[in-house]
Amino acid sequence: MGDRIGRRLNCQRCPPGREYAGGAFNRWKAKPEHVKILDVRTPEEFVFVGHAEMAMNIPLDLASYRWEADEIGGSKCVIEPNSEFVAQVKEWANPLTRHW
């Protein structure tokens, strides 16, 4: 199944300098001890939408669970930047402190 997912994800267009999800998966599969996958989606997306088994979730943004009016008269959850993102990524990626 993993090969099928990698092939399917590689079919998507990706801007220059960015990695396809499938490309990242293929790199991890080739050298799992050297390639780590970081998923920066919200914890809710990570859990409910699904994620790669080997991925670590450090969210770039967090749901505040506060609601505000949107442009069309409804409401939306306020999303805020994760102020600890850079420090969390540095700790995760540091060879002296990482837990992989």
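Is Arg66 buried, partly exposed or exposed? Arg66 is partly exposed, with a relative accessible area of 44%. Buried means under 20%, exposed over 50%, and partly exposed in between, with a 1.4 Å probe and protein chains only.

1. Basis of the note. This is a predicted model: local features need pLDDT of at least 70, side-chain atom pairs count only at pLDDT 80 or more, and totals for chains, interfaces and linings use all residues. Residues are numbered from 1 along each chain as its sequence is written, and side-chain values use heavy atoms, with hydrogens and water left out.

2. Layout. The protein has four helices and four strands. From the N terminus, the order is α-α-β-α-β-β-β-α. These elements are DSSP runs, numbered from the N terminus: helices are H or I with at least four residues, strands are E with at least two.

3. Burial and surface. Of the 100 residues in the protein, 18% are buried. The protein exposes about 7900 Å². Carbon and sulfur atoms supply 57% of that area. Accessible areas come from the Shrake-Rupley method with a 1.4 Å probe; for residues, only the protein chains shown count as cover.

4. Contacts along the chain. A contact means heavy atoms within 4.5 Å. Take the contacts between residues at least 6 apart in sequence: 15% of them join residues at least 24 apart.

5. Salt bridges. The whole structure holds three. The criterion is a side-chain nitrogen of Lys or Arg within 4 Å of a carboxyl oxygen of Asp or Glu.

6. Glu80 and Arg66. Their side chains meet in a salt bridge at 2.8 Å, N to O. The pair links distant parts of the chain: Glu80 sits in strand β4 (residues 75-81) and Arg66 in strand β3 (residues 61-69), 14 residues apart. Glu80 is partly exposed at 32% relative accessibility.

7. Lys76 and Glu71. This salt bridge spans 3.3 Å, N to O. Lys76 is partly exposed, at 33% relative accessibility. Glu71 counts as exposed, at 72%.

8. Asp39 and Arg41. The closest N and O atoms of this salt bridge are 2.7 Å apart. Asp39 is buried, with a relative accessible area of 11%. Arg41 is partly exposed at 25%. The two side chains also make a polar contact at 2.7 Å. A polar contact is a pair of N or O atoms within 3.5 Å; within protein, one must be able to donate a hydrogen and the other to accept it, and residues adjacent in sequence count only if both atoms are side-chain atoms.

9. Around Asp39. Asp39 is found in strand β1 (residues 38-39). Leaving out residues up to four places away in sequence, Asp39 touches Phe46, His51, Ala55, Met56, Asn57 and Ile58.

10. Ala52. This residue lies in the loop between α3 (43-48) and β2 (56-57). Ala52 is partly exposed, with a relative accessible area of 34%.

11. Aromatic rings. The structure holds one aromatic pair. The rings of Phe25 and Trp28 have their centres 6.0 Å apart and their planes at 35°, so the pair is tilted. Rings of Phe, Tyr and Trp (its six-membered ring) pair if their centres lie within 6.5 Å; planes under 30 degrees apart count as stacked, over 60 as edge-to-face and the rest as tilted. Phe25 and Trp28 both lie in helix α2 (residues 21-30), three residues apart, about one turn of the helix. Trp28 is partly exposed at 24% relative accessibility.
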